[in-house]
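This briefing goes through the model by topic, beginning with the ligand and then moving to the sheets and the helix packing.

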Amino acid sequence: MRKDCLSGNQKRSALGAGRILFASLASLSFSSGYQDSRLKKFFSRNGTVILGFIFILSLIVLFAVGLSQNRKTSENFKYGIVFDAGSSHTTMYIYKWSAEKVNDTGLVYEIEACKVKGPGISTYATKLQELPIYLTQCMGRAKELIPKYKHQETPIYLGATAGMRLLSLEDAKLANKILSAVTSLLSSYPFNFRGARIISGSEEGAYGWITINYLLGILKEKQYSKDPSLEKNESQETYGALDLGGASTQITFVPKTVTKNTASKLMKFRLYGKNYSVFTHSYLCYGMDQALLRKLAKDSKNAVLEAYMEPCFHPGYERTVDLHEIYNTTCAWTFKVWLPFNKIRIQGSGNFEKCLQSINELFSISYCRYTSCAFNSVSRPSVHGKFGAFSAYYYVMEFLNLTSDKVSSRDMVNEKMRTFCSTPWEVVNTTFIGVKEKYLSEYCFAGSYILKLLEYYNFTDYWNHIEFMDKINNNAEAGWTLGYMLNLTNIIPAELPPPKPFSRPTYISLMVVFSLVLAAVFILGSVLFHKSWYFWN
Ligand SMILES: Nc1ccn([C@@H]2O[C@H](COP(=O)(O)OP(=O)(O)O)[C@@H](O)[C@H]2O)c(=O)n1
Ligand SMILES: [Ca+2]
């Protein structure tokens, strides 16, 4: 009956297709003496079921292999440790990233910021034996947080900034002693120690610039960012970086125009296939702590009977300082005068206007050899675009509740500062319980200093252009350390990585389509096979 249902042409094509698709299966089944009629019947009845079963099985295998190839390998993480040995304190940062995604989305994030107890490492020159205790707690954290089997491959760097730069200017041998002691100490841990060194002011500025633009997702289009507008705007300009430390301060940005005088101050980077010429300048002695020391040294000459009134301290606040301490520093020695006493009592008067005036004298703008200078005769292109201000800029402005989204005008900032500076110390001290006295007593000076510094940088109407930032996108703190590590571990490639052939959803969709086509071919094949089977039997 069935034979009759097929025309001559149909029979031939059915025979051809059946032969091609199942030649191997048929030869396996029948050429090996499988001529038993019961088996023939069994196969003719159940052939479709068997083929279907084989087909489903191969689909499952195919799918499982596909998924395993495409799965998220969450276990394969890498780690990096960077010590920021600042002038006032040391912090250890631990970064973590997925080994697979490193050149792809470039998502590196901070898992720890361990604050080392004690002052900056430059103060350890005469007590090197205390360094092991100094670093032990944070190194213990690193051992705890990074899986043991990853210790040997985890790089560890230490970068020292302006405190050590100053010490190196004063006594290079002492600075080297500290670095050698830190080197032998960090090498004794099971991590991959990659050096302890003093980084230059330009490096500090440039790595800070890389960090914030990397975290904001600007360096690479469609890089991870929680701000969707950043992903859409492909020609997003980079942010400038403003870093304020205790001993130095950095300004770094991509200038609109470059003059002959500023060309030598440009640092060139090629990141994700794009070239950047970044202007950066570091002002040593213009960090917050050194600026205050210089101011106290400058004003101490006004002392009468071992005391003087300080407008940048709150009324009722008093501090006694050793003249030796302020005069014997590299930053303040130019203000040295002979005084008939060794100690000086500084009494706060809380006068904001006088404080600003007094800070003015720390900036020298009288002489500029170039067409445009910020201060101290440093030739500098005009600032433009957005800036991210971090480190002490952020700590101070956050404390004063003056970060950009809350403040709309410079007048508002002035008013706030005037009120804060004139608040009696007793009130300030009892209102902000828990804030370290050193920081609390200096916020009036610090806020006023930041106002002046930004003015000398020529930021006019700057509250619209400056964002005070701490952790960016909840990923990592703004600062030079992340940029330093990204650079030394080559995490940011010079060229854009080639695009992945398929995204995960595309890959899965293709698998499904391919499987369905395969299913259709099998079903069609088995139908044709059965028809040809009946035809021949
Ligand atoms: N919570 C904090 C922590 C630090 N700071 C200040 O932030 C500055 C950090 O400077 P740093 O130690 O990184 O010094 P540099 O080596 O970068 O010049 C210091 O002036 C600290 O006093 C602050 O004002 N509030
Ligand atoms: Ca710093």
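The model is predicted, so local features are given only at pLDDT of at least 70 and side-chain atom pairs count only at pLDDT 80 or more, whereas totals for chains, interfaces and linings use all residues. Residues are numbered from 1 along each chain as its sequence is written, while chains are lettered from A and ligands numbered from 1 in the order in which they are written. Helices (H or I, at least four residues) and strands (E, at least two) are DSSP runs, numbered from the N terminus.

**Ligand 1**

- Ligand 1 is surrounded by 20 residues, of which the closest are Gly-86, Ser-88, Thr-161, Gly-245 and Gly-246; a residue is near a molecule if its C-beta atom, placed from the backbone, lies within 6 Å of it.
- Two or more residues of this shell are given by each of helix H4 (162-170), helix H9 (288-299) and helix H12 (392-399), and the largest share, three residues, belongs to H12.
- By class, the shell around ligand 1 holds seven nonpolar, twelve polar and one charged residue, where Ala, Val, Leu, Ile, Met, Phe, Trp, Tyr, Cys and Pro count as nonpolar, Asp, Glu, Lys and Arg as charged, and the others, Gly among them, as polar.

**Six-stranded sheet**

- Six strands form an open sheet in the order E8-E9-E7-E6-E13-E14, and the pairing is mixed; two strands pair if DSSP finds at least two bridges between them.
- Strand E8 (266-271) and strand E14 (466-468) are the edge strands, each pairing on one side only, and the twist from one strand to the next averages 25°.
- Strand E13 (residues 387-391) pairs with E14 in the parallel sense over three bridges, and Phe-387 has Ile-466 of E14 as its bridge partner.
- Helix H6 (residues 201-215) lies across strand E6 (240-244), strand E7 (248-253), E8, strand E9 (274-284) and E13, running at about 130° to E9; angles run from 0 to 180 degrees between N-to-C directions, and axes are lines fitted to C-alpha atoms, for helices over the stretch in contact.

**Three-stranded sheet**

- A further open sheet has three strands in the order E10-E12-E11, with mixed pairing.
- Strand E10 (307-310) and strand E11 (318-322) each have a single partner strand, so one side of each is left without a neighbour in the sheet.
- E11 and strand E12 (residues 343-348) pair in the antiparallel sense over five bridges, with Glu-318 opposite Gln-347 in E12.

**Helix packing**

- Helix H3 (residues 131-145) packs against helix H5 (residues 172-187) at an angle of about 45°, with the axes 11 Å apart.
- H3 is therefore oblique to H5, given that angles under 35 degrees count as roughly parallel, over 145 as roughly antiparallel, 65 to 115 as roughly perpendicular and the rest as oblique.
- Leu-131, Pro-132 and Leu-135 of H3 meet Ala-181, Val-182 and Leu-185 of H5 (contact requires C-beta atoms, placed from the backbone, within 7 Å), and this contact has six nonpolar, no polar and no charged residues.
- Helix H13 (residues 410-422) and helix H15 (residues 437-456) pack at about 155° with their axes 10 Å apart, and the two are therefore roughly antiparallel to each other.
- Their contact is made by Val-413, Met-417, Phe-420 and Cys-421 of H13 and by Cys-444, Gly-447, Ser-448 and Leu-451 of H15, which by class gives six nonpolar, two polar and no charged residues.

Definitions and conventions:
Two residues are in contact if their C-beta atoms, placed from the backbone, lie within 7 Å.
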